[in-house]
Amino acid sequence: MTNYRRDHTPGATWFFTLNVADRNSHLLTEHINLLRFSFRECMKRHPWRIDAIVILPDHLHALCSLPSGDSNYALRWRQIKSSFSRAIPASESLSASRRNKGERGIWQRRFWEHRIRDDDDFARHVDYIHHNPRKHGHVERVADWPWSSFHRYVKAGILPADWAGDGGDIEQGAGER
């Protein structure tokens, strides 16, 4: 088995990307309430702060801060993915490997993480998260994507409602928070 080297800095802030196995599906947005439920249930047992998040049809990006002394983000993602998978009716095709391990074929097995190094790194990743639905062509304006923490940032007065409406203000926005 491959031994992945992961940073386990306690209390750190992390950028994550998680993908569903079928990158042509709309599973996450079609079942957004089940995904939200999975997050809530996990956060009751293992709190962490979601600083920014976007849910797209086939993947999600999240910027999360762990409590002081805690570095177990893998446990949280395992619980969220597992809870979501159990709630979805089985219809996906399974490889022999997944079938032998008793896995569902909903999520890609791994996820990508990056520890946030400083305020500029944080700001760049928040911008990346919020701009992602526009980048993938789902909307023309960032404000038009419903499953994004962008709306929380607007409500808090951190970003204007027309931020990245034409893509021209991405660079100026990074690091101005």
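This briefing walks through the sheet, the cores and the confidence of the structure above. It is a predicted model, in which local features need pLDDT of at least 70 and side-chain atom pairs count only at pLDDT 80 or more, while totals for chains, interfaces and linings use all residues. Residues are numbered from 1 along each chain as its sequence is written, and side-chain values use heavy atoms, with hydrogens and water left out.

**Confidence**
- The mean pLDDT (the predictor's confidence in each residue, from 0 to 100) is 88, and 82% of the residues reach 70 or more.
- Over residues 171–177 the pLDDT is below 50, and this stretch has 13 contacts in the model beyond near neighbours in sequence; a contact means heavy atoms within 4.5 Å.
- Where pLDDT is low, the predicted coordinates should not be read in detail.

- Four strands form an open sheet in the order 2-3-1-4, with antiparallel pairing; strands (E, at least two residues) and helices (H or I, at least four) are DSSP runs, numbered from the N terminus.
- Strand 2 and strand 4 (112–115) stand at the edges with a single partner strand each, so one side of each has no neighbour in the sheet.
- From one strand to the next, the twist averages 15°.
- Two strands count as paired if DSSP finds at least two bridges between them; strand 1 and strand 3 pair in the antiparallel sense over 7 bridges.
- Across that pairing, Leu18 stands opposite Leu60, and Thr17 stands opposite His61.
- Strand 2 is joined to strand 3 by 6 bridges, again antiparallel, and a hairpin of 3 residues links the two strands.
- On this side, Ile55 stands opposite Leu60 of strand 3.

- Helix 2 lies across strand 2 and strand 3, running at about 165° to strand 2; axes are lines fitted to C-alpha atoms, for helices over the stretch in contact, and angles run from 0 to 180 degrees between N-to-C directions.
- Helix 5 (residues 119–135) packs on the sheet, touching strand 1, strand 2, strand 3 and strand 4, and its direction makes about 155° with that of strand 3.

**The nonpolar cores**
- A nonpolar core is a set of buried Ala, Val, Leu, Ile, Met, Phe, Trp, Tyr and Cys residues joined through side-chain atoms within 4.5 Å.
- The largest one has 27 residues, and Phe16, Leu35, Trp48, Leu60, Trp77 and Trp107 have the most contacts inside it.
- Among the elements giving two or more residues to this core are strand 1 (13–19), helix 2 (32–45) and helix 3 (73–87).
- Apart from it lies another core of 16 residues, among them Ile116, Trp145, Tyr153 and Ala164.

**A closer look at Thr13**
- Thr13 is found in strand 1 and is buried, with a relative accessible area of 18%.
- The side chains of Thr13 and Ser65 are joined by a polar contact of 2.6 Å; such a contact is a pair of N or O atoms within 3.5 Å, and within protein one must be able to donate a hydrogen and the other to accept it, while residues adjacent in sequence count only if both atoms are side-chain atoms.

Methods:
Buried < 20%, exposed > 50% of the residue type's maximum accessible area, 1.4 Å probe, protein only.
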